[in-house]
Amino acid sequence: MIRVNRETCDLCGVCVSVCPEDCLELTETYLKTDNKICIGCGFCVKVCPTAALSEVNEKEESDERPL
Amino acid sequence: MKDRYDVLVIGGGPAGTTAARFAALNGVSVALIERDREIGVPVRCAEGVSDTGLKKIIDINPNWIAATVRKFRFYSPTKQQVELHSKETGYVLHRRVFDHALAVEAVKSGAEIFTKATAYGLTRTENSFSNVLVRYENRERTVQAKIVIAADGVESRIARMAGIRTNLPLKDIESCAQVLAGNVDIDPERIDFYLSQKWSPGGYVWVFPKGDRMANIGLGVNGSMTNGRSAAAHLNEFLDENFPNASRLTTIYGGVPVATNLAELVADGLMVVGDAAHQVNPLTGGGISSAMASGKMAGTVAADAIRCGDTSKKKLRAYESEWNRTIGKDYRRFYRLKEWIRNMTDAEFEEIAAAFQGMAPTDVKMSGIFRMAVKNKPSLIVDAIKAFAGF
C-alpha cells in the first residue's frame, strides 16, 4: 500500500496519471488513496517529483483517513 | 449552477476554456467547472508556445507575453554548445494571465464558469444524457449534460469513468520540477536546453527566459528512468552546479504526458481533450497550442452534434478523426523520435554537438540536428526532417 508524505506532496497529480488501478484521486487540497485496490506496483512512487510517496508493508500503520 | 446543460466541460485549462468558448459560440448552452479556486492557478507549465500555434486559435495580447524568443541553444553533457536562430517566433507566457484571458473569452461567448466545483462521478442515462456528480459549494449535486468534455488534465479520471483508459505507462510520462529563477545570467531572447542522462534521464533541462535575469528553469525525468531519484533532486543538483546564485520565486512540480495518441478520444456523449487526452508534443512536451486546437475542434463538433440531436460516439468521432488527421498525425511521428532520443547516451549527445561546432547559428537547422541524432536509424530520418520542416 501507498503512504503519502503530506508535508512534501505538491498535489501535482503525476501519480494519478500512471496508476493502473485508479486508486489515486486528486482534489484541490488532498491526494486520496484507496489502498484496498492498490496492487503495490510502485509506479506512483517512481514518478513522484518530490519523493512524497512510499510503499509500505500492509501491516504498518497507514496515515490515511478513510475515503 | 443549473441542473442541465447541453455541454459540461470539466477542467479550466486552455483545452477546457477553448472547448467551452467554441461550443458556446456555436449556440449551445455550456458550463465549465474547475476544481481549483482560481482559473490559471496553480501554474504547472514551462509556459513556452510558438507564435504559429497560438495565433491559429486566438488574437495574441502582449500582456500575456513574458518573453519573445527566436534563438535556441543546446548544451551537451560537457557543455558543447549548438545554437540556432529560428524563423519561428516563440513566446514564454504568463500562464496565469493567459489562462484567465481564455476563460474571459469563454464567458464572453456565453459559457458559464464555476470554480471550486469538482466532478467525481459520471453515469450515462438511458435517454442519452450524462449525469455528472458535482461537489460545489459544499453540496453534492447531479448536473445533466448531453455531452461531457473531459479537460481534467494529466490526472484525468473522467475519461476513465467513461471507459477510455488514459492510464500512462512509465515510459510515456515525464516527471517534472521547475523553479522561476531570479538573478540568473541568461539571454532574455534565447531558450536553452541541456541534454544529458546525468541531469535529466530520458528528458531534458529547459531554461525559458521570463524577462530580465529571470527564467523558468526546470527538467523532466522519464518515468521509466527515475532510478530512485526524484525530479526535485535532479533539479537541485542542476541548479547547484549551474545556477548557484538563483533565487527561487516559484517552485512547481508536475507531469507531462509524452505518449502517442489515445486509441479513442470519444465515447457516447463524451470527448477527451488536452493533457487528459495526452495531446502533448511527445518530443518537446509542449501542449498549450495542441490543447487549444483540440478544444476548438471538440467544442465545435459538440455544438454540431447537439444541433443534430445525435451525441453518439459515432457522431463525435468527427473530432477524433480531425485530430488524428492533423496534429495527431504529426505527434505519431514525434513519438517515434522521442522513443529513440529517450534512449540516447551522453556519448551520443556529445557526438551530435561535435558535428555542429564552428557552424553559424543562422546555418543550423532544427531538422539538421535531429537528422544527426537519428543518423544510425535511417527509418527515422524522414520523421526528423518532417518534424522540424519549419525551423
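Reader: Start with chain A. How many helices and strands are there in chain A?
Author: This is a predicted model. Chain A has two helices and four strands, and along the sequence they follow the pattern β-α-β-β-α-β.

Reader: What share of chain A counts as buried?
Author: Of its 67 residues, 51% are buried. The accessible surface of chain A is about 3,500 Å², with 49% of that belonging to carbon and sulfur atoms.

Reader: And the contacts in chain A with a separation of 6 or more: what percentage comes from residues 24 or more positions apart?
Author: Such residues account for 60% of those contacts.

Reader: Which ring does R6(A) lie over?
Author: R6(A) lies over the face of Y30(A), 4.0 Å from the ring centre.

Reader: Switching to aromatics. How many aromatic pairs are there over all chains?
Author: The count is 12. One of them is F114(B) with Y136(B), an edge-to-face pair at 5.6 Å centre to centre with 70° between the planes.

Reader: Where do F114(B) and Y136(B) lie in chain B?
Author: F114(B) is in strand β6, residues 112–115, and Y136(B) is in strand β8, residues 130–136, so the pair ties together parts that are 22 residues apart in sequence. Both residues are buried.

Reader: What about W199(B) and F238(B), how are those rings arranged?
Author: Edge-to-face as well, 5.2 Å centre to centre and 90° between the planes. The pair links distant parts of the chain, 39 residues apart: W199(B) sits in the loop between β11 and β12, F238(B) in helix α5, residues 231–242. W199(B) and F238(B) are both buried.

Reader: Which charged residue sits over the ring of W199(B)?
Author: K198(B), with its charged end 4.0 Å from the ring centre.

Reader: And which residues form an aromatic cluster?
Author: F74(B), F193(B), Y204(B), W206(B) and F208(B) form one.

Reader: Which backbone nitrogens does its side chain reach?
Author: The side chain of S196(B) reaches the backbone nitrogen of K198(B) at 3.0 Å. The backbone nitrogen of W199(B) also lies 3.0 Å from a polar atom of that side chain.

Reader: What does S196(B) touch beyond four places away in sequence?
Author: P77(B), P201(B), D346(B) and F349(B).

Reader: There's another serine, S86(B). Where is that one?
Author: S86(B) is in strand β5 of chain B, residues 81–93. S86(B) is buried, with a relative accessible area of 9%, and its side chain reaches the backbone nitrogen of E88(B) at 2.8 Å.

Reader: Last topic, the nonpolar core. How many residues are in the largest one?
Author: It has 108 residues, and those touching the most other members are V7(B), V30(B), L93(B), I147(B), I149(B), M271(B) and Y319(B). Helix α6 of chain B, residues 288–308, gives the largest share, 11 residues.

Reader: What does V7(B) touch?
Author: Leaving out residues up to four places away in sequence, its contacts include A23(B), V28(B), V30(B), A145(B), I147(B), I149(B), A302(B) and I306(B).

Notes: Residues are numbered from 1 along each chain as its sequence is written. Chains are lettered from A and ligands numbered from 1 in the order in which they are written. This is a predicted model: local features need pLDDT of at least 70, side-chain atom pairs count only at pLDDT 80 or more; totals for chains, interfaces and linings use all residues. Side-chain values use heavy atoms; hydrogens and water are left out. Buried means under 20% relative accessible area, exposed over 50%, partly exposed in between (1.4 Å probe, protein chains only). A polar contact is a pair of N or O atoms within 3.5 Å; within protein, one must be able to donate a hydrogen and the other to accept it, and residues adjacent in sequence count only if both atoms are side-chain atoms. Rings of Phe, Tyr and Trp (its six-membered ring) pair if their centres lie within 6.5 Å; planes under 30 degrees apart count as stacked, over 60 as edge-to-face and the rest as tilted. A charge sits over a ring if NZ of Lys or CZ of Arg is within 6 Å of the ring centre and within 35 degrees of the ring normal. Contact means heavy atoms within 4.5 Å. Accessible areas come from the Shrake-Rupley method with a 1.4 Å probe; for residues, only the protein chains shown count as cover. A nonpolar core is a set of buried Ala, Val, Leu, Ile, Met, Phe, Trp, Tyr and Cys residues joined through side-chain atoms within 4.5 Å.
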